[in-house]
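Student: Could we take a close look at one part of this protein together? I would like to understand what is packed inside.

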Amino acid sequence: EDLESWIARRVDMQRASGQSTNQFHVTRMQPKRTEELLDGGSLYWVVRGVIRCRQELVGFEDDFDEESGKKFCRIKLRRPLVETAPRACKPFQGWRYLEPERAPPDLSSGDTADMPAEMAAELKRLGLL
């Protein structure tokens with residue numbers, strides 16, 4: 001929910017300033033395996049030490065920050081967020097190193113439908129769901 005709220009605020013700021021509302025994440029270097037990553041790859045979001053969700057990768061764009069004099073790469077992402085089975089994890093560059101067989105499965109909306117919301121939230125927080 002925090003990440004979705006952050007994304008919504010960022011889109012609102014982009015819209016207010018007349019910028020494109022395409023979603024992206026910035027990293028220092030463009031990955032070497034772009035074709036492989038764009039063939040079904042996702043950026044996995046680690047929130048408070050747990051992989052919580054992912055976003056499909058749709059492109060990479062090199063750019064240059066004139067103020068700092070440094071180049072960077074925009075990782076273009078598809079919206080919306082896809083909730084995944086929570087998995088404890090240290091922060092990592094999920095768009096680059098998470099192999100498909102190690103990726104957590106997506107959650108369907110019915111996975112926790114038969115349990116109380118508070119219990120589901122606590123189990124998710126603990127990385128058990």
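Student: Before we go inside, what does the accessible surface of the protein come to, and what percentage of it belongs to carbon and sulfur atoms? After that, please walk me through the core around Trp-45.

Tutor: Happy to! Please keep in mind that this is a predicted model. The accessible surface comes to about 8900 Å², and 50% of that area belongs to carbon and sulfur atoms. Of the protein's 129 residues, 30% count as buried.

The protein has four helices and five strands, and reading from the N terminus their order is α-β-α-β-β-β-β-α-α. If you take the contacts between residues at least 6 apart in sequence, 54% of them join residues at least 24 apart.

Now for the inside. In soluble globular proteins, nonpolar side chains tend to be buried together. Here the largest nonpolar core has 13 residues, and Trp-45 and Leu-57 are the members that touch the most others. Helix α1 (2–16) and the strands β2 (42–47), β3 (50–65) and β4 (70–77) each give at least two residues to this core.

Setting aside neighbours within four places in sequence, its contacts include Leu-3, His-25, Leu-77 and Leu-81. Trp-45 is also in contact with a run of residues that includes Val-50, Ile-51, Arg-52 and Cys-53.

Cys-53 deserves a stop of its own. This cysteine belongs to strand β3 and is buried, with a relative accessible area of 8%. Beyond its neighbours within four places, Cys-53 is in contact with residues including Leu-3, Leu-43, Tyr-44 and Trp-45, and also with Leu-81, Val-82, Glu-83 and Thr-84.

A disulfide is a covalent bond between the sulfur atoms of two cysteines. The count in this model is zero. Another cysteine, Cys-89, is partly exposed, at 23% relative accessibility. A search for aromatic pairs over the whole structure also finds zero.

Phe-24 has the charged end of Arg-10 over its ring, 4.6 Å from the centre. The charged end of Arg-74 sits over the ring of Phe-24 as well, at 5.1 Å from the centre. Phe-24 is also one of the contacts of Gln-14, a residue of helix α1. Gln-14 counts as buried because its relative accessibility is 7%, and the cut-off is under 20%.

Arg-48 lies in the loop between β2 and β3 and has a positive phi of about 50°, although it is not a glycine. Arg-48 counts as exposed because its relative accessible area is 72%, and the cut-off is over 50%. In the loop between β4 and β5 (82–88) you will find Pro-80, which is joined to Arg-79 by a cis peptide bond with omega of about 5°.

Terms used: Residues are numbered from 1 along each chain as its sequence is written. This is a predicted model: local features need pLDDT of at least 70, side-chain atom pairs count only at pLDDT 80 or more; totals for chains, interfaces and linings use all residues. Side-chain values use heavy atoms; hydrogens and water are left out. A nonpolar core is a set of buried Ala, Val, Leu, Ile, Met, Phe, Trp, Tyr and Cys residues joined through side-chain atoms within 4.5 Å. Buried means under 20% relative accessible area, exposed over 50%, partly exposed in between (1.4 Å probe, protein chains only). Contact means heavy atoms within 4.5 Å. A disulfide is a pair of cysteine sulfur atoms within 2.5 Å. Rings of Phe, Tyr and Trp (its six-membered ring) pair if their centres lie within 6.5 Å; planes under 30 degrees apart count as stacked, over 60 as edge-to-face and the rest as tilted. A charge sits over a ring if NZ of Lys or CZ of Arg is within 6 Å of the ring centre and within 35 degrees of the ring normal. Accessible areas come from the Shrake-Rupley method with a 1.4 Å probe; for residues, only the protein chains shown count as cover.
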